[in-house]
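Please read these points with the sequence and the model open. They are numbered for reference in any reply.

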Amino acid sequence: MAGDYGYFGKGSSGYAHYMQTFNAAHGGGGGGKGSGGNGGCLGVVLVLILAGRVLLLPFV
């Protein structure tokens, strides 16, 4: 990766520093805590709603 990333440096080292800063600023990278926004919570709610409907469907 031959490139000039300005403040972050040149080559692969500059790219690594640039991406580290970019991911930190935009909440990406690593899949760590808080990187998914509310998508994870919404997914859990949808699964619970669907599971409840499937379990209650035979009784309706």
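**Notes on the model**

1. The accessible surface of the protein chain is about 5100 Å², and 67% of this belongs to carbon and sulfur atoms. Accessible areas come from the Shrake-Rupley method with a 1.4 Å probe; for residues, only the protein chains shown count as cover. This is a predicted model, in which local features need pLDDT of at least 70 and side-chain atom pairs count only at pLDDT 80 or more, while totals for chains, interfaces and linings use all residues. Residues are numbered from 1 along each chain as its sequence is written, and side-chain values use heavy atoms, with hydrogens and water left out.

2. Of the 60 residues in the protein chain, 3% count as buried. Buried means under 20% relative accessible area, exposed means over 50%, and partly exposed lies in between (1.4 Å probe, protein chains only).

3. The protein chain has 2 helices and 0 strands. Both terms refer to DSSP runs numbered from the N terminus: helices are H or I with at least four residues, strands E with at least two.

4. Just after helix 1, Gly-27 has a positive phi of about 70°.

5. The structure holds 5 aromatic pairs. Rings of Phe, Tyr and Trp (its six-membered ring) pair if their centres lie within 6.5 Å. Such pairs join Tyr-5, Tyr-7, Phe-8, Tyr-15, Tyr-18 and Phe-22 into a cluster.

6. Tyr-18 belongs to helix 1 and is partly exposed, because its relative accessibility is 32%. Beyond its neighbours within four places in sequence, Tyr-18 is in contact (heavy atoms within 4.5 Å) with Tyr-5 and Phe-8. Phe-8 is 10 residues from Tyr-18 along the chain, with 5.8 Å between their C-alpha atoms.

7. Ala-16 is also in helix 1, and at 43% relative accessibility it counts as partly exposed. Between Ala-16 and Tyr-5 there are 9.7 Å, C-alpha to C-alpha, and they are 11 residues apart in sequence.

8. Which residues form the nonpolar patch on the surface? They are Leu-42, Val-45, Leu-46 and Ile-49, with about 360 Å² of accessible area together. Patch residues have over 30% relative accessible area and no salt bridge; like charges are joined within 9 Å, and nonpolar side chains (Val, Leu, Ile, Met, Phe, Trp, Tyr) within 5 Å. A salt bridge is a side-chain nitrogen of Lys or Arg within 4 Å of a carboxyl oxygen of Asp or Glu. Ile-49 is in helix 2 (residues 39-56) and is partly exposed, with a relative accessible area of 48%.

Key:
Rings of Phe, Tyr and Trp (its six-membered ring) pair if their centres lie within 6.5 Å; planes under 30 degrees apart count as stacked, over 60 as edge-to-face and the rest as tilted.
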